[in-house]
Amino acid sequence: VTAQVPRSLTLYWGAASCARVSLIALEEIGVPFTLEAVPKGERARPPYSEINPKGKVPLLVADGRQISENPAIQLFLARAFPAVGLLPREQDAELEALSTMCWFASGIHPQITRARFPASTGASAESLAAVRAHAVEQLAAAFTLIEGRLADREWLLGDWSIVDAYLFWLWFRATGSGMDASAFPRCAGLAARIVERPSVARALERELEHIPAEDVFVGAAPAL
Ligand SMILES: N[C@@H](CCC(=O)N[C@@H](CS)C(=O)NCC(=O)O)C(=O)O
């Protein structure tokens, strides 16, 4: 499936957020786009909440059409710019990519939110450390599966794809939240390799214009 090539692209984004994945996709594509930074704390209130009532980034606006949710944005961009190779084009492989991204968005990302901001679960002050510890355990279980998938390949789907950029962001957040990186050498290797891609380097440079290097590369979870 291919879509029309959009003439105008705006990404609502925040440095170090999961919108990093969408920014890498746009950098990979290489067409002009507008980047609108929406810092944490400004996402759930006007003016941004009037644009995206979900109060989250990323949001891609393509020729006036709004696309939210990372997996949908990646699929949209991959189909709009098929020659770039953001996702595999063969149907079964594309489905596998979508399945993996949905797992990342709905299965793994929420554990990152719990690990970083345990109070967002509504847990009492005394339970926050336990909520964080449980979330980190869940992250380690997910990364055990991912580490297994990388046993016979350099990138998650074989060839590089935007799914690897998504993994890179999850890895950054999971390790920043206290997950032991040493248990996952293949994931660590992928994260070290991916920053050599010019698109990823450019996306990280843009983040460095907004937040300190420590928050771009380590991103330690806030103290409880
Ligand atoms: N399911 C959404 C999740 C988006 C999301 O949770 N984004 C976070 C940043 S990583 C956000 O904007 N949270 C609101 C905030 O930080 O105020 C997606 O995959 O795009």
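The model on display is predicted.

Begin with the open space in the protein. The largest pocket has a volume of about 980 Å³. Select Ser-17, Cys-18, Lys-40, Arg-43 and His-109: of the 38 residues that line the largest pocket, these are the closest to its centre.

Next, display the helices α3 (70-80), α4 (91-116) and α6 (162-176), the elements that each give two or more residues to this lining. The largest share, six residues, belongs to α4.

**The ligand**

Now select the ligand, which sits in the largest pocket. Around the ligand are 14 residues, and those that come nearest are Lys-40, Arg-43, Val-57, Glu-69 and Asn-70. The helices α4 and α6 each supply at least two residues of this shell. By class, the shell consists of six nonpolar, four polar and four charged residues.

Select Lys-40 first. A polar atom of the Lys-40 side chain lies 2.6 Å from an oxygen atom of the ligand.

Move to Glu-69, where an N or O atom of the side chain is 2.6 Å from a nitrogen atom of the ligand.

Finally, show the backbone of Asn-70. A polar backbone atom of Asn-70 is 2.9 Å from an oxygen atom of the ligand.

To finish, display the surface of the ligand. On its own, the ligand has 510 Å² of accessible area, and the protein covers 82% of that area.

Note on methods: Residues numbered from 1 in each chain as written. Predicted model: local features only at pLDDT ≥ 70, side-chain atom pairs only at ≥ 80, totals over all residues. Heavy atoms only, no water. 1 Å grid on protein atoms, 1.4 Å probe; cavity = no way out; pocket = protein on both sides within 12 Å on 5 of 7 lines; lining within 4 Å. Points joined across faces, edges and corners; volume = space filled by probe spheres on them. Helix = DSSP H or I, 4+ residues; strand = E, 2+ residues; numbered from the N terminus. Near = heavy atom within 4 Å. Polar contact = N/O pair within 3.5 Å; in protein donor to acceptor, adjacent residues only side chain to side chain. Areas by Shrake-Rupley, 256 points an atom, 1.4 Å probe, with all protein chains shown as cover. Sits in = over half its atoms within 2 Å of the grid points. Nonpolar A, V, L, I, M, F, W, Y, C, P; charged D, E, K, R; others polar.
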